[in-house]
Amino acid sequence: MKALPPLTRKLATAASALGLAASGLLFASAPASAATSCYASSCTGLDPSTTVCQNDARTVRTADWGVELRYSPTCRAAWARKTSGGSLDTEIRVRNSAGDTHGVYYGGWGTVYTAMVNDKDIVAWACETRAYDTLQTHCTGTY
């Protein structure tokens, strides 16, 4: 087997090292850059799936139709989530006692969630409104 010339060997080794380093940086930085931090009022209006708030979120209240109030202790923020059931014309909404509110349409399948609202030193609740009959609304308790 014939040995590669020294310069070719050095270039091949350098190219391999650069390729490995670049791929490592790409894959290592993707999750960190995808999640942003926020706290209380700075979370209002943000998508919980793009923040660190989803990491410690828990369901703190559930209404009888199944809409959930989700809460993140780290972020001190809340949002509404619906995972199943409901009609084809349902609105899911989260509100807080400071007047912030965010809603999303739910088509009767899959999982949807709202943007977040501040939940530091105030209360929040989630509601589900079904429009197919008489705009019936069921809400969680406050948290």
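The disulfide between cysteine 53 and cysteine 75 is left-handed, because the torsion about its S-S bond is about -100°. In this predicted model, the pair joins distant parts of the chain, 22 residues apart. Cysteine 53 sits in the loop between α1 (6–34) and β1 (58–62), and cysteine 75 in the loop between β2 (68–72) and β3. Their sulfur atoms are 2.2 Å apart. Both cysteine 53 and cysteine 75 are buried.

This bond is one of three disulfides in the structure. A disulfide is a covalent bond between the sulfur atoms of two cysteines.

| Pair | S-S distance | Torsion about S-S | Handedness |
|---|---|---|---|
| Cysteine 38 and cysteine 43 | 2.1 Å | 100° | right-handed |
| Cysteine 53 and cysteine 75 | 2.2 Å | about -100° | left-handed |
| Cysteine 127 and cysteine 139 | 2.0 Å | about 105° | right-handed |

When the bonded cysteines of the protein chain are numbered in sequence order, the pairing reads 1-2, 3-4, 5-6. Cysteine 38 and cysteine 43 are both buried.

Cysteine 127 and cysteine 139 also link distant parts of the chain, and they are twelve residues apart. Here the partners lie in strands: cysteine 127 in β8 (residues 124–130) and cysteine 139 in β9 (residues 136–139). The disulfide is right-handed because the torsion about its S-S bond is about 105°. How accessible is cysteine 127, and how accessible is cysteine 139? Cysteine 127 has a relative accessible area of 5% and is therefore buried, the limit for that class being under 20%. Cysteine 139 has 36% relative accessibility, so this residue counts as partly exposed.

**Lysine 82**

Lysine 82 lies in strand β3, which covers residues 77–82. Is this lysine buried or exposed? Lysine 82 is buried, because its relative accessible area is 0%.

The side chain of lysine 82 reaches two backbone oxygens: that of tryptophan 65 at 2.5 Å and that of serine 84 at 3.2 Å. Leaving aside residues up to four places away in sequence, lysine 82 touches Trp65, Gly66, Val67, Ile92, Tyr106, Gly110, Thr111, Val112, Glu128 and Arg130.

**The chain as a whole**

The protein chain contains one helix and nine strands. From the N terminus on, its elements run α-β-β-β-β-β-β-β-β-β. Of the 143 residues, 31% are buried. Among the contacts with a separation of 6 or more, 49% are between residues 24 or more positions apart. The accessible surface comes to about 8200 Å², and carbon and sulfur atoms account for 60% of that area.

**Confidence**

The mean pLDDT of the protein chain is 82, and 74% of the residues reach 70 or more. Over residues 7–33 the pLDDT is below 50. Beyond near neighbours in sequence, this stretch has two contacts in the model. Residues 7–33 fall within the range given for helix α1 (6–34).

Notes. Residues are numbered from 1 along each chain as its sequence is written. This is a predicted model: local features need pLDDT of at least 70, side-chain atom pairs count only at pLDDT 80 or more; totals for chains, interfaces and linings use all residues. Side-chain values use heavy atoms; hydrogens and water are left out. Helices (H or I, at least four residues) and strands (E, at least two) are DSSP runs, numbered from the N terminus. Buried means under 20% relative accessible area, exposed over 50%, partly exposed in between (1.4 Å probe, protein chains only). A polar contact is a pair of N or O atoms within 3.5 Å; within protein, one must be able to donate a hydrogen and the other to accept it, and residues adjacent in sequence count only if both atoms are side-chain atoms. Contact means heavy atoms within 4.5 Å. A disulfide is a pair of cysteine sulfur atoms within 2.5 Å. pLDDT is the predictor's confidence in each residue, from 0 to 100. Accessible areas come from the Shrake-Rupley method with a 1.4 Å probe; for residues, only the protein chains shown count as cover.
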